[in-house]
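Please go through them with the structure open beside you.

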Amino acid sequence: MTKPNAQAGRHPLLADGQRQRLDRIRTVMYQVIIKKLNHPRDQGQERVLLGGVSADDVLQDALIALLDYSPSKLKGSWEELAVTIARNKAVSAIRKATAFRRDPASGEEIAVIPLERAARPTEEGGIAPIDLLAGGADAAAEFQSVYQQVVLRDLARQHLDDRERRIFFEMHFRGRPGDEVGPEVGLTGRRTRQIYGGILPRLWELAKRDPLFSAIEENEREDDT
Amino acid sequence: MNTNDRVKAIIEQYVSYLDGQGDAPSLDHLTPDERKLARELMASMETARGMDPEASPPSLEQLLADSKYFDQLRTSYEASPTQQPDIEEVRQQLASLPAARVELDAVAKAVGVRSNFVIFVKGHRLRMQVRDDFDDIEALRAPSTVISASPVFGAFHDTAGVVVSFPDNDLSSLVVDPFDAQYCIEAPSGDLKGPRVRRPVLPVAEAIRGFLEEIAPPFETIPTFHTLEPDSDLGFDPLSISSAAVAAVSDTGRRARIEAKKEAWGALGRREAEAIAETIVRAARGELDENSLSDRVLELARMAS
């Protein structure tokens, strides 16, 4: 346990014993950004958006923004905020990269949301506008579900043979149809789907041994209090 | 049909549905638990689509390198229990190893690989992981310990071995080499073997010493030879040298299974030894240059045959 004065002035996510948590946040933010940018690596090389921005750059920007956020203003958990910032930074990067390619007639995207989502009740009985950076329950759920995918991916690397792993990665993450993946591994599409249908519940059962797999939200909330 | 089969069937049908073949599966026939599991798996499939399973983000050190948070990150890491024991303690433990040098592994930190110290010893570079997350020394003997050491070899190809240590008084350690974590076919059984622990857990200095003896065994001292000065007395007995050499060849010949070899080599004796000794004397006195020495050796060989 570190002495209290050593912790003074340090960001809560950079305090002693928080490294694993920050690592987890970094990993989830990265996958959220990649999914949003929809630009997976190609032949081991990272693709970049028009203008030279890569997922790594967006992640760096998002992580610094997360750490810059004042802990006193935090509502919910750092995980929720991390997902919200990652999403926003990815969208912002896409907008910058496509600024000259968008149809001018389409205008800015404006979303209309119900009042109850745009405001929150105050203790005094009134309502206050929501903090736009507080992602809410959907951000927490997204953190949870993306983290689950990271756990499944790691388990697939450990427990599947080469063919099973290829089937799992191609179908589960890349969303390729069984009819397309099957011939590449010497199987019919139907058999490939059967194999995938066996792999996913198996990995899911293994993943449940990770205490954070289904309880991360509760755990982190306890940490924050 | 059991629970697994029913859920598997749902997943297969859902994949077909996502592939554009058939309808979404009905969950009506499932029990509540099965239905919950099937829903979780289907949601998982939808979440996963678009993620890149091969992508790995840059390390925290790389991401925060030029930011105001870098010092905090470094302080956090240095204050973490993985820095126990400190470098002086490790140096003290390794004092018995000749010319061993211990340094903090700053590069590993920067790239996010678990390695606390680099040990330079006898021309080799070892990296040391201090595993204070282990409850007891027995954890060092688990194959998972070998697996957790293997990323060090991937990141630093110059690493001869990873010293995985438990922070007790002796720094009990297991040394892992780059092949311990690989799958291999074991001889003579032909069985496929996964990651394995091949060395004993010993105090750190002993563990490293044993590993070095394995990868770089000490050679016996090479005997020195007297050199002759051209105009001085020879200082050695050429006949005894040549006799010993001829006797060795002759002995080998007598043990030979090929009859011709047994006869030819076994017949070598005093006469050949004297002829060789004479050549040695002439060569030592500088009476034979390289070509004439070679000619003389060939001549002797012809005579012997």
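1. Chain B has a secondary structure of 12 helices and eight strands, and this, like everything below, is read from a predicted model. Of the 305 residues in chain B, 36% are buried.

2. Taking the contacts in chain B between residues at least 6 apart in sequence, 54% join residues at least 24 apart.

3. The N-terminal end of H7(A) is capped by A:Asp161, which places a side-chain oxygen 3.1 Å from the backbone nitrogen of A:Arg163. After H7(A) comes A:Gly175, with a positive phi near 65°.

4. Within H7(A), the buried residues are A:Ile167, A:Phe168, A:Phe169, A:Glu170, A:Met171, A:His172 and A:Phe173. One of these, A:Phe168, is also in contact with A:Leu203, as are A:Leu152, A:Leu155, A:Ala156 and A:Leu160, once the neighbours of A:Leu203 within four places in sequence are left aside.

5. The largest nonpolar core holds 75 residues, and those that touch the most other members are A:Met29, A:Ile33, A:Leu66, A:Phe168, A:Tyr196 and A:Leu203. Helix H2 of chain A, residues 19-37, gives the most to this core, with nine residues. Another core, of 20 residues, lies apart from it and includes B:Ile119, B:Met128, B:Ala205 and B:Leu212.

Definitions and conventions
Residues are numbered from 1 along each chain as its sequence is written. Chains are lettered from A and ligands numbered from 1 in the order in which they are written. This is a predicted model: local features need pLDDT of at least 70, side-chain atom pairs count only at pLDDT 80 or more; totals for chains, interfaces and linings use all residues. Side-chain values use heavy atoms; hydrogens and water are left out. Buried means under 20% relative accessible area, exposed over 50%, partly exposed in between (1.4 Å probe, protein chains only). Helices (H or I, at least four residues) and strands (E, at least two) are DSSP runs, numbered from the N terminus. A polar contact is a pair of N or O atoms within 3.5 Å; within protein, one must be able to donate a hydrogen and the other to accept it, and residues adjacent in sequence count only if both atoms are side-chain atoms. A nonpolar core is a set of buried Ala, Val, Leu, Ile, Met, Phe, Trp, Tyr and Cys residues joined through side-chain atoms within 4.5 Å. Contact means heavy atoms within 4.5 Å.
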